[in-house]
Amino acid sequence: MQLALSTWQEVEEYLRTSRGIIIPIGSTEQHGPNGLIGTDHLDAEFVAKGVGDKIGCLVAPTLTIGMSQHHLGFTGSVTLRPSTLMAVVGDVVHSLLRHGFERFLFINGHGGNVATVTAAFDEIYTAISLRGEQSPVRCKMQFWSAGPRCHALAQELYGDANGSHATAGEVSLAQYYQPHAIKHAQMSPKIAPRSNGFFDSADYRRRFADGRIGSDPSLSSPEHGERLYEAAVEDMAELYREFTAD
Ligand code: NI
């Protein structure tokens, strides 16, 4: 069930039996020579909608732009400042909280969002704690790929060549979701340099010439994407059930 495709009366009806909602969050940033700029938000959205279809929970509109300052050296990448993203997350949660939602599961596609979104959750809790109030609000964020089934499958398919940015797995999932937009490219070197960390966007570009980190996404395929999708939906549905039962 998608918020964007529901009426307000339908949302009121939903709230009679459930207080949970999934919010997909990603980024709009380069994903190497064959990865789409929308990879992170497309993947998060695809899995979130799959969970919504499977177990009937509500899925909010995707937050498509994340904290991606380190990718700005590559054309087409877009970032929010951490302070902007924190404000966006806070406003979205508070809007939905006002209507009665209490459990907010963010299904995430982008590592660069973690520190900022975690800080946004702490802002929400801090405001409640400083007022000395009781509040039912609980926020959680998890990578679509981090559940046990999906993690094991990515290891089986790619091992270390999955990498940590423009991964073979995330490119495969986007290929299954958007088959008309599949790109092909030679990878040179075949496996991109691994990361010892990075600073700003110029530093990132100097270290990772084509944008990838540690990955070989020429291994990607929509068939792999389908398998990763099934595993991720199962993982995230289980996580949602546990989170909303507590
Ligand atoms: Ni990504």
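Biologist: What should I know about the numbering and the values?
Modeller: Residues are numbered from 1 along each chain as its sequence is written, and side-chain values use heavy atoms, with hydrogens and water left out. In this predicted model, local features need pLDDT of at least 70 and side-chain atom pairs count only at pLDDT 80 or more, whereas totals for chains, interfaces and linings use all residues.

Biologist: Which residues coordinate the nickel ion?
Modeller: Donors are N, O and S atoms within 2.8 Å of the metal (3.2 Å for Na, K and Ca), and sites may look incomplete because water is not among the atoms. In sequence the donor residues are spaced H-x8-D-x129-E. At 1.8 to 2.2 Å, the nickel ion is coordinated by His 31 (NE2), Asp 40 (OD) and Glu 170 (OE).

Biologist: Which helices hold Asp 40 and Glu 170?
Modeller: Helices are DSSP runs (H or I, at least four residues), numbered from the N terminus. The pair ties together parts that are 130 residues apart in sequence, because Asp 40 lies in helix H2 (residues 39-55) and Glu 170 in helix H6 (residues 168-177).

Biologist: Are Asp 40 and Glu 170 buried or exposed?
Modeller: Buried means under 20% relative accessible area, exposed over 50%, and partly exposed in between (1.4 Å probe, protein chains only). By that definition, Asp 40 and Glu 170 are both buried.

Terms used:
Helix = DSSP H or I, 4+ residues; strand = E, 2+ residues; numbered from the N terminus.
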